[in-house]
Amino acid sequence: MTEDNFSLTPEFILTGFTDHPDLKSLLFVVFSAIYLITMVGNLVLVALIYMECRLHTPMYIFLGNLALMDACCSCAITPKMLENFFSEDRRISLYECMAQFYFLCLAETADCFLLAAMAYDRYVAICSPLQYHTRMSMKLCICMTTAAYIIGNLHSIIQVGLLFRLTFCGSHQINHFFCDVLPLYRLSCVDPYINDLMILIFSGSVQTFSIAIVLISYLYILFTIFTMKSKEGRGKALSTCASHFLSVSMFYGSLLFVYIRPNALNEGDKDISVAVFYTLVIPLLNPFIYSLRNKEVINVIKRIRKNRQFCNIPK
């Protein structure tokens, strides 16, 4: 083998969507629109929750932090991907690559715990409404949110630290549109067994714990809903929980498929389509699923629009 095949790789090339050169203009427009709507939707939701005192409750604090993490996830990935559609070399340095994966891992890990916290919040609100303010206090809400960020940061630091034990040599083309951990493992000339084992343990533990909280909470919620005497109340609660559970199922399902499935290292062709779903599509949908179906958020938006129209009336 040539000497170049053994040279260390200080930077990578993100091949991304180069298999579709004829569609790059269309894909650029589509992903640009997704990015714009995602950022506007999530940041507007964060601003509404921050400014409106009525929304300073555990449910909306969790929702605001979820929107913030979705915006973080989109910011970490989409700008570089859009740049690479019309870039000649599509290069990304090793440290940029590690930073990109760090923020992605932080956002996805924090999302897991925030979704679990939201499920528990809905469980208390529906199953024990009279005890809601004591069982779901603001102090507990802040503790749960802080824990989500702390665990997200720790998980990201561990995974990025493990990546630095690898040596990347030979081919430096990442068959992906961002620096995900599994494509990096495939480029390593050091056996990534330990890294693969650690991501299985840590990611598996995070997802197993949070999924268990979500499933147990929603099982109790469904049991309570079906024992309600009021058909109107049952339909309202079921409609809200169904949309929330759909979003949770899509998020956890895509993460489990990418990181926890058997032979994940040997099935790189499946990574891109699923990654588009959980890094771009779900952050786009979450603001609409969690807010536009919520009457309190809609009422706040209507009141702001009404006040703005009132202020614009000529005197």
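Student: Why is Phe-28 called partly exposed?

Tutor: In this predicted model, Phe-28 has a relative accessible area of 28%. Buried means under 20% and exposed means over 50%, so 28% falls in between and Phe-28 counts as partly exposed.

Student: What makes Phe-28 and Phe-85 an edge-to-face pair?

Tutor: Start with the distance: the ring centres of Phe-28 and Phe-85 are 6.3 Å apart, and rings pair when their centres lie within 6.5 Å. Then take the angle, which is 85 degrees between the planes. Planes over 60 degrees apart count as edge-to-face, so that is the name for Phe-28 and Phe-85.

Student: Which parts of the chain does that pair tie together?

Tutor: Phe-28 belongs to helix H1, while Phe-85 sits in the loop between H2 and strand S2, so the pair ties together parts 57 residues apart in sequence. Phe-85 has a relative accessible area of 9%, so this residue is buried. Phe-28 and Phe-85 also belong to one aromatic cluster with Phe-31 and Phe-86.

Student: How many aromatic pairs does the structure hold?

Tutor: There are 11 aromatic pairs. One of them joins Phe-12 and Phe-168, with ring centres 5.2 Å apart and planes at 85 degrees. The centres are within 6.5 Å and the angle is over 60 degrees, so this pair is edge-to-face. Phe-12 is in strand S1 and Phe-168 is in the loop between helix H5 and S3, 156 residues apart.

Student: Are Phe-12 and Phe-168 buried or exposed?

Tutor: Phe-12 has 1% relative accessibility and Phe-168 has 5%. Buried means under 20%, so Phe-12 is buried and Phe-168 is buried.

Student: How do you know that Cys-97 and Cys-179 form a disulfide?

Tutor: Their sulfur atoms are 1.9 Å apart, and the cut-off is within 2.5 Å, so Cys-97 and Cys-179 qualify. The structure holds one disulfide. It links Cys-97 in helix H3 with Cys-179 in the loop between strand S3 and helix H6, 82 residues apart.

Student: Why is this disulfide called left-handed?

Tutor: The torsion about the S-S bond of Cys-97 and Cys-179 is about -120 degrees, so the disulfide is left-handed. Both cysteines are buried.

Student: Why is Cys-73 in no disulfide?

Tutor: The nearest cysteine sulfur to that of Cys-73 belongs to Cys-72 and is 7.3 Å away.

Student: What makes Glu-11 and Arg-91 a salt bridge?

Tutor: Their closest N and O atoms are 3.1 Å apart. The cut-off is within 4 Å, so Glu-11 and Arg-91 form a salt bridge. Glu-11 lies in strand S1 and Arg-91 in strand S2, so the pair ties together parts 80 residues apart in sequence.

Student: Which residue forms a salt bridge with Arg-91 at 4.0 Å?

Tutor: That is Asp-89, where 4.0 Å is the spacing of the closest N and O atoms. Through shared partners, Glu-11, Asp-89 and Arg-91 are joined into one network.

Student: Why does Arg-122 count as buried?

Tutor: Arg-122 has 18% relative accessibility, and buried means under 20%, so Arg-122 counts as buried. Its side chain meets that of Asp-121 in a salt bridge, 2.7 Å from N to O. Asp-121 has 0% relative accessibility, so Asp-121 counts as buried.

Student: How do you know that Thr-78 is buried?

Tutor: Its relative accessibility is 1%, and the limit is under 20%, so Thr-78 counts as buried. Thr-78 is in helix H2. Leaving aside neighbours within four places in sequence, Thr-78 is in contact with Phe-31, Tyr-35 and Leu-280.

Conventions
Residues are numbered from 1 along each chain as its sequence is written. This is a predicted model: local features need pLDDT of at least 70, side-chain atom pairs count only at pLDDT 80 or more; totals for chains, interfaces and linings use all residues. Side-chain values use heavy atoms; hydrogens and water are left out. Helices (H or I, at least four residues) and strands (E, at least two) are DSSP runs, numbered from the N terminus. Buried means under 20% relative accessible area, exposed over 50%, partly exposed in between (1.4 Å probe, protein chains only). Contact means heavy atoms within 4.5 Å. Rings of Phe, Tyr and Trp (its six-membered ring) pair if their centres lie within 6.5 Å; planes under 30 degrees apart count as stacked, over 60 as edge-to-face and the rest as tilted.
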